[in-house]
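Hi,

Here is the structure I promised to pass on to you. Have a look at it first, and my notes on what turned up follow below.

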Amino acid sequence: MPRDHRGKETQSGPSGRDGLSPAKLAPHPSPTGELVEYPPPERWDDWVEYDGRAWPARVARRYMLVPTTCFNCEAACGLLAYVDKDTLQVQKFEGNPVHPGSRGRTCAKGPATLNQIQDPDRILYPLKRAGRRGEGRWERCSWDEALDAIAAKIRAAIVEERKTEVMYHVGRPGEDGYMERVLQSWGIDGHNSHTNICSSGGRFGYAMWMGVDRPSPDYAQARYTLLVSAHLESGHYFNPHAQRIVESTMKGGKLCVIDPRLSNTASMATDWLPAWPGTEAALLLAVANVLIQEDLYDRDFLRRWVNWEEYLRAEHPTEPVTFATFERILKTLYAQYTPEFAERETGISAAVVVRVARDIGAAGSAFCAHNWRAAAAGNLGGWQVPRALFFLNVLTGSVGTLGGTSANIWDKWVPAPFLEPPKQKVWNELSWPREYPLAHHEMSFLLPHFLKEGRGKLAMYFTRVYNPVWTNPDGLTWLEVLTDETKIELHAALTPVWSETAWFADYVLPMGLGSERHDVHSYETHAGQWLGFRQPVLRAARARLGETIADTRQVNPGEVWEENEFWIALSWRIDPDGSLGIRRYFESPYRPGEKVSVDEYYGWMFEHSVPGLPEAAAKEALTPLQYMRRYGSFAIAGDVYQPYERILSSEELAGTEVDPATGSIWRLPHAATAHAAPAGPGHSTRPATRPNMVPRPAPPPRADGATRVGIMVDGVPRAGWPTPSGKLELYSTTLRDWGWPEYALPGYIRSHVHPDLLDRSTNEFCLVPTFRLPVLIHTRSGNAKWLNEIAHSNPLWMHPVDAARLGVTTGDLVRVSTEIGYFVPYVWVTEGLRPGVVACSHHMGRWRLQEGSGGDRWSTGVVDLERPAPGRWLMRLKEGVHGFASDDPDSSRVWWTDAGVHQNLTFPVHPDPVSGAHSWHQKVRVERAHPDDRYADVSVDTARAHAIYKEWLARARPAPGPGGLRRPLWLLRPYKPDPSAYRVPDTVEPEGR
Ligand code: SF4
């Protein structure tokens, strides 16, 4: 029987809710994936290890082990900081064995947190620009000075009703809910994200099926896993997912990977299917067609849970609304997607398509699939890839099942804070423009174009763990706008390290790294719910020694702060007397009128909004906060399967009525319910557990104000799905009614890099620029010496057939021309890529403009950036990576020189007209480098970039949609505004919608 992290037996099932046992020290790996050797929690106050550096002498060192979570990717694996009890410094980071998601394991990036906190190039003090923006002259300033200047800007914008002029633009949030509450308390619609250069294609495809925009695969129990990308080594929730995929394969499960590149994951798969980039949906629909034609689908699941009745009524009004009718039509709907058609489109043989389909059919309800980024993020119409992929889950009935694919909201818990601000009554069209009413989510990468064409300006712009100049496409357009003070009046970069973007800020404010800040988070790593707690480990260690730490700056290096305390202080300065109604959200729930501390913020949350935590803490004579500080995580629920089947209780059904036509169960506006979520402000005396705050779509209320609570299925009231129909939507009325009726059913959209659009005779290729390397993570790993020593080059992958045609070999320089410029990498000839495609990892090509500052010297090269004419840019590498003097002796031992090539600068924006996702793949021409070309050269024409933005913008079909709205009310979006803000002012609803 599985045990909890105190060694007690539990009733948990196959997903191993609390499956780690410190009592077990077995010499062999556990067959169920449990970690078997690690320091048991009862010894975390005093753990002894011998000092490896003192070897061969046996020098014992004593440690306090303090849990926190990794901030190097979105997985938030549990870490244990080994805090030396003599020096009170962190000696190393290892995995936290009691963390339910990562279960004691990390990837290489977790332990490299040590490099990051010891990085000699990190920013230790607040800085203020001294010269022109981007000139590179900085002076130290106090936190007070920075807070006063920023607060004044924000207060003026709020008071003068310029609420769309304050924007917080985040790359990696690393937390759930904190910032949305801050922004909502200010009454602004100021959140911006990186989602549309990342996951929006994936999100949109899933959202159209189930109303939820993220999948949660139950990998460990799967009999067949189908991945669209390289999840084992670098995909979403990398380490937690990878270990569970390995578990499945060790038990005999099959693994199939669709990826044009032979990733490490593909190399371990049963089948590697290198489909032509952008044709993946054709392949998946051909698999679906085989399942349908060979009756390998789960008839009963389709009959009960798919909105086929709605489809028949809308599209076949003369046909009887029976499942037999639907099955007959279904056999024709996808008949065009024959295996032979898939072979022509994708290059994967028809026989393989049929074999894979039959394997998937055999796996049935234990078929597990995942797409995130990759094809969904690379292509025009990429969102149809996850939609076609989830179609296979629907056909096999593997939705929310053991070994199937769930909705992420079942496997996630977001605790509520102590006082929730009302929804904002403003809509920011700089983030949510009318052209993209269905975008998932903010059209963040178009911001500089919106500012260029005069759609607005920003009085205050925060960038936080966000580096658009380097990460986004078209970075030089970002640079042009960031240096224009009429478009962005004040820019504060919240960052632990220098970046290409921070260089163009007015204030650079040093924020804590993963082990120097507080956050809560919860991710869908398996079929269970857990809450993780990131904490500043030195603060927690000193608290264990009895010290009272009121401000994290007391323990962080220099004047490095943590963001939570920064936002509390800033909010008080925006509204010092409370007259704007802001300050109250940052007052203590325990000490009325006084500033809330982070201990109180999280303490209240853990006391009131995490089911089971107060009881678990009480058993150990701890407060919930003390429990989370000690263990760093809490398992809330395990083995969460098929919650959509849950039968509604009589209390839930009180005051409801059933619509006989649709089966929807509606609660009338004034009906009482025992299950209504508690509303209004909470205080420490509140006894009830507050609800899971996971963002949930909710169907719009009926005209009479009734809300849907469930759906009748075969005469039984069940929970159902948060979609307009309450069922899984093969047929999307949302797409139909919001301007895209041709995509109401899952289908295949030919990508902008389809082979028919490429002229091979002029050496045109599809460039795949999106793949990750397992040891790097965007901007965030540039400060980790171990990681940069392992990986520091991004050559252009090319198949030997293509290399022979071009007459190049490994190491030769080539010029890769895009629509707006070119870059010059060297070639790596490999059979690990399908012919006709070239690929280049996006991790490298970091740069700085000054020798001694502006970027981590482990990872950046020094460049000259010239502007020979308006809109024309030329970047040339002056100096690669080399050793440097610092307090870290390793810095003088740097042996690598390559910093890679910054390809993203040469990509124009390609917003998908439906999902809003940037379509990353590029049609490029590859040729031998010109005589004047030098390695890592980048040339860009930003005027041409703006013209291409206009071309793609013209493909969009703008709001208003039905009801004169900007966006369907039911669709997810971060920190939803009040419904009143959804209405497009002064517009007439278009005909036919
Ligand atoms: S997968 Fe690696 S980088 Fe991501 S959170 Fe886990 S240890 Fe950190």
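This is a predicted model: local features need pLDDT of at least 70, side-chain atom pairs count only at pLDDT 80 or more; totals for chains, interfaces and linings use all residues.

Let's start with helix H11, residues 339-346, where Pro339, Phe341, Ala342, Glu345 and Thr346 are buried (buried means under 20% relative accessible area, exposed over 50%, partly exposed in between, with a 1.4 Å probe and protein chains only). These residues sit on the same side of H11 because they cover an arc of only 155° around the axis, the arc being that of the directions from the helix axis to the C-beta atoms. Helices and strands here are DSSP runs, numbered from the N terminus: H or I with at least four residues for helices, E with at least two for strands. Among what covers the buried residues of H11 are helix H7 (280-293) and helix H12 (350-363).

Residues are numbered from 1 along each chain as its sequence is written, and side-chain values use heavy atoms, with hydrogens and water left out.

Next, Thr270, which you'll find in the loop between helix H6 (264-267) and strand E12 (271-273). Is Thr270 buried, exposed or partly exposed? Its relative accessible area is 47%, so Thr270 is partly exposed. Leaving aside residues up to four places away in sequence, Thr270 touches Lys254 and Leu255 (contact means heavy atoms within 4.5 Å). From Thr270 to Gly347 it is 77 residues in sequence and 18 Å in space, C-alpha to C-alpha.

Now some strands. E2 (residues 60-69) is mostly covered, with eight of its ten residues buried. Strand E1 (residues 47-50) pairs with E2 in the antiparallel sense over four bridges, and Trp47 stands opposite Tyr63 in E2. (Two strands pair if DSSP finds at least two bridges between them.) E2 also pairs with strand E3 (residues 78-84), again antiparallel, over seven bridges; there Val66 stands opposite Ala81.

Finally, the ligand. Cys70, Asn72, Cys73 and Phe238 are among the residues around it, where a residue counts if one of its heavy atoms lies within 4 Å. The shell divides into seven nonpolar, four polar and one charged; Ala, Val, Leu, Ile, Met, Phe, Trp, Tyr, Cys and Pro count as nonpolar, Asp, Glu, Lys and Arg as charged, and the others, Gly among them, as polar.

Cheers
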